[in-house]
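Dear colleague,

I am passing on the structure we spoke about, and my notes follow below it. Please read them with the coordinates open beside you.

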Amino acid sequence: MRTSTRPDPVPLVADDPRPVGWPAGLMLLGGLGFVSVYVVAVLSTRGQSIDSGVMDAVTVTGSRHDLLSSLLPNPYLLLALALGLGALALLRHVRTGLAVLVAVPLLVASTQVLKDVLPRPQLADAWAMANSLPSGHTGAALALALALLLVSPRRLRPVAALVGTVVSLWMGALVVLLGFHRPSDVLASAFLAVGAGGLGLLVRGRAPGSMTRRLPG
């Protein structure tokens, strides 16, 4: 009598937990990117010259300055929305809520602390200027974008990514046009957000709503 052997069921994972290497890679990328921006744009004469030159060239004045100032999002409101999303997420998926409530404050706090502790040597500036890297305004916008991505289910992540990108780009562009920040300040905050996002993914682990299905043999 002929017997047939059936292969073991093959696991088919609809939403696998992210491997540790993926969040760690984002954290490494964010850290290295931030350091690179700081070294090039702040600690080099040419970098300072280009960075401040771009800001001076695009800064608006007069009535246009007043108009753009009125369109500048309130960073405290953005931060409150991000933290609110984290608090609401706690009710449905604890680790997702914790991911937001860890990553968002870390991102925003780092923009304030690093700005105060990092030196800015006077290499190309016409006068002594305080360090403004990274941008706290941009960090708040990126915090909201990060919270949206962490709490959104897979089907809504493209929408969350679009909304977060628009808000962050809008804030980043305005703070440069208004003369509040140099372009490197905005870019440095973006790299900090990448690192904070990696930490958030590490804390969250398996995304909510994931499931494992098996193919029949």
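Two residues are said to be in contact here when they have heavy atoms within 4.5 Å of each other. Please also keep in mind that this is a predicted model.

As for the protein as a whole, its secondary structure comes to 8 helices and 2 strands, and reading along the sequence gives the pattern β-α-α-α-α-α-α-α-α-β. Among the contacts between residues at least 6 apart in sequence, 81% join residues that are at least 24 apart.

The helix pair that I looked at in detail is α4 with α5, where α4 runs over residues 75–90 and α5 over residues 94–117, and where the two pack at an angle of about 160° with their axes 6 Å apart. That angle makes α4 roughly antiparallel to α5, since angles over 145 degrees fall into that class. The crossing in which α4 passes α5 is left-handed.

Which residues of α4 and α5 meet one another? On the α4 side they are L79, A82, L83, G86, A87, A89 and L90, and on the α5 side V94, T96, G97, L98, V100, L101, V104, P105 and V108. Sorted by class, this contact has 13 nonpolar and 3 polar residues, and no charged residues.

A further residue of helix α4 is A80, which at 46% relative accessibility counts as partly exposed, because that class lies between the 20% limit for buried and the 50% limit for exposed. The C-alpha atom of A80 is separated by 9.8 Å from that of A143, although these two residues are 63 apart along the chain.

Technical notes: Residues are numbered from 1 along each chain as its sequence is written. This is a predicted model: local features need pLDDT of at least 70, side-chain atom pairs count only at pLDDT 80 or more; totals for chains, interfaces and linings use all residues. Side-chain values use heavy atoms; hydrogens and water are left out. Axes are lines fitted to C-alpha atoms, for helices over the stretch in contact, and angles run from 0 to 180 degrees between N-to-C directions. Helices (H or I, at least four residues) and strands (E, at least two) are DSSP runs, numbered from the N terminus. Angles under 35 degrees count as roughly parallel, over 145 as roughly antiparallel, 65 to 115 as roughly perpendicular and the rest as oblique. A crossing is left-handed if the near helix is turned anticlockwise from the far one by less than a right angle, and right-handed if clockwise. Ala, Val, Leu, Ile, Met, Phe, Trp, Tyr, Cys and Pro count as nonpolar, Asp, Glu, Lys and Arg as charged, and the others, Gly among them, as polar. Buried means under 20% relative accessible area, exposed over 50%, partly exposed in between (1.4 Å probe, protein chains only).
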